[in-house]
Amino acid sequence: SSGLKGLDAMLAGGFRRASCILVSGNSGTGKTTVVSTFAQAACRRSERVLCLNFEESKEALIAGMLSAGIDLRPSVRARRLLIQTALPESMGSDGHLIRALETINNFKPDHLILDAVSACLRMGSEQAAFDFMMRLISVVKDRGITALLTNQINGQADSDEELSGIGFSSVVDAVVQLRFVETEGEVTRQVFIVKSRGSGHSN
């Protein structure tokens, strides 16, 4: 389960276990809220979630989600949710990868959340970000870990490549796109299932 009944219905039951899911959209569309809802639901099922956050501190993430009604603190206290934060510029992509793999080995998560792919570009170059993502996704797929990745896009993206940002869409099993739509002077949010490889989904 994604933790959201409406999204589960669109996905014909939820995310496929051990798949790689990309949640993509403009700033403010709710990407972190969607993956945090998933994390909370998984922890309530006594599953373990590792969150690699390159956007904000652990305290800022927890405080921000409280405003959306998502309290991650019980999951952190129960040691089912581990939030690991770092500035992308703090080390090279190899350093970030080694740190992530060590944490995966020690924590043994059922699921991994990475927020955000777009921030990984600040590790040095687009190639460095691509190599980091491909190697990380390869490891989690081999270990049967479900991966949820967020990616911030600017403007309108119409293809998998544009949605992933750094060209790794071939390893992504499902794409959830979040969009702003303005109608009659009011901004609303829309959710699209762009693809869901290996399972049925709503058009």
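Modeller: Valine 49 has leucine 81 of E3 as its bridge partner. Strands here are DSSP runs of E with at least two residues, helices are runs of H or I with at least four residues, and both are numbered from the N terminus.

Biologist: In which sense do strand E2 and E3 pair, and over how many bridges?

Modeller: Strand E2 (residues 49-53) pairs with E3 in the parallel sense, over 5 bridges. Two strands count as paired if DSSP finds at least two bridges between them. Strands of a sheet pair through backbone hydrogen bonds, either parallel or antiparallel.

Biologist: Before we go on, what kind of model is this?

Modeller: This is a predicted model, in which local features need pLDDT of at least 70 and side-chain atom pairs count only at pLDDT 80 or more, while totals for chains, interfaces and linings use all residues. Residues are numbered from 1 along each chain as its sequence is written, and side-chain values use heavy atoms, with hydrogens and water left out.

Biologist: What is the strand order of the sheet?

Modeller: The open sheet has 7 strands in the order E3-E2-E4-E5-E1-E6-E7, with mixed pairing. From one strand to the next, the twist averages 15 degrees.

Biologist: And which strands does helix H3 touch?

Modeller: Helix H3 (residues 58-66) packs on the sheet against E2 and E3, and its direction makes about 125 degrees with that of E3. Contact means heavy atoms within 4.5 Å; axes are lines fitted to C-alpha atoms, for helices over the stretch in contact, and angles run from 0 to 180 degrees between N-to-C directions.

Biologist: Where does H5 lie?

Modeller: H5 lies across E2, E3 and strand E4 (111-115), at about 165 degrees to E3.

Biologist: At what angle do H5 and H7 pack?

Modeller: Helix H5 (residues 93-107) packs with helix H7 (residues 126-142) at about 15 degrees, their axes being 9 Å apart. H5 is therefore roughly parallel to H7, a term for angles under 35 degrees. Among the residues making the contact are Leu97 and Leu101 of H5, and Phe132 and Leu136 of H7.

Biologist: Changing topic, which residues does the cis peptide bond join?

Modeller: Aspartate 115 and alanine 116 are joined by a cis peptide bond, with omega about 15 degrees. Alanine 116 is in the loop between E4 and helix H6 (117-120).

Biologist: What about phi of alanine 18?

Modeller: Alanine 18 has a positive phi, near 70 degrees, although it is not glycine. This residue lies in the loop between helix H1 (5-10) and strand E1 (20-25). Most residues other than glycine have a negative phi, and most peptide bonds are trans.

Note on methods. Angles under 35 degrees count as roughly parallel, over 145 as roughly antiparallel, 65 to 115 as roughly perpendicular and the rest as oblique.
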